Amino acid sequence: MDRMFRVLAFWTAIFTVMFYIGEMTNLSLLFLVQTAFFLAVGYLKLSERMYMYLFGAYCTLFLVGFTWYSEFILVPGFGH
């Protein structure tokens, strides 16, 4: 399971670079933080159960954050 967190770190790093190239600096910083988190957790050598708990907590935090963003921050409309 530790390898899967390193795989997640790899893909979030790819997204970080792509968002940075696309001049989306806020989003690239968010993905950079996620990359650092996944990379750090990937080398902790935790138990399988703890990795599952961490992934569940990450998914829950993402769901709450995305719901909050889409409900209170996102402005509906087309274009600028």
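Which residues in α2 meet which residues in α3? Gln 34, Phe 38, Val 41 and Gly 42 in α2 meet Tyr 51, Leu 54 and Tyr 58 in α3. Meeting here is contact, with heavy atoms within 4.5 Å. Helices are DSSP runs (H or I, at least four residues), numbered from the N terminus.

This is a predicted model: local features need pLDDT of at least 70, side-chain atom pairs count only at pLDDT 80 or more, and totals for chains, interfaces and linings use all residues. Residues are numbered from 1 along each chain as its sequence is written, and side-chain values use heavy atoms, with hydrogens and water left out.

**Helix α1**

Helix α1 covers residues 2–21, 20 residues in total. At 1.5 Å a residue it should span 28 Å, and its end C-alpha atoms are 29 Å apart, which agrees. The expected span is 1.5 Å times one less than the number of residues.

The buried residues of α1 are Asp 2, Phe 5, Ala 9, Thr 12, Thr 16 and Phe 19. Seen down the axis of α1, they fall within an arc of 90 degrees, so they line one face of the helix. The arc is taken from the directions from the helix axis to the C-beta atoms. Buried means under 20% relative accessible area, exposed over 50%, and partly exposed in between (1.4 Å probe, protein chains only). The buried residues pack against α2 (25–42) and α3 (48–73). The face turned away from the buried side carries the exposed residues Arg 3, Met 18 and Ile 21. Just after α1, Glu 23 takes a positive phi of about 60 degrees.

**Helix pairs**

| Pair | Angle | Axes | Crossing |
|---|---|---|---|
| α1 and α2 | roughly 160 degrees | within 8 Å | left-handed |
| α2 and α3 | about 165 degrees | 12 Å apart | right-handed |

Axes are lines fitted to C-alpha atoms, for helices over the stretch in contact, and angles run from 0 to 180 degrees between N-to-C directions. A crossing is left-handed if the near helix is turned anticlockwise from the far one by less than a right angle, and right-handed if clockwise. α2 and α3 pack at about 165 degrees. That makes α2 roughly antiparallel to α3 (over 145 degrees). α1 and α2 are therefore roughly antiparallel to each other as well.

**Tyr 51**

Tyr 51 sits in helix α3. Tyr 51 is buried, with a relative accessible area of 2%. Leaving aside neighbours within four places in sequence, its contacts include Met 1, Asp 2 and Phe 5. Val 41 and Gly 42 are also among them. Tyr 51 and Val 41 are ten residues apart in sequence and 8.3 Å apart in space, C-alpha to C-alpha.

Technical notes:
Helices (H or I, at least four residues) and strands (E, at least two) are DSSP runs, numbered from the N terminus. Angles under 35 degrees count as roughly parallel, over 145 as roughly antiparallel, 65 to 115 as roughly perpendicular and the rest as oblique.
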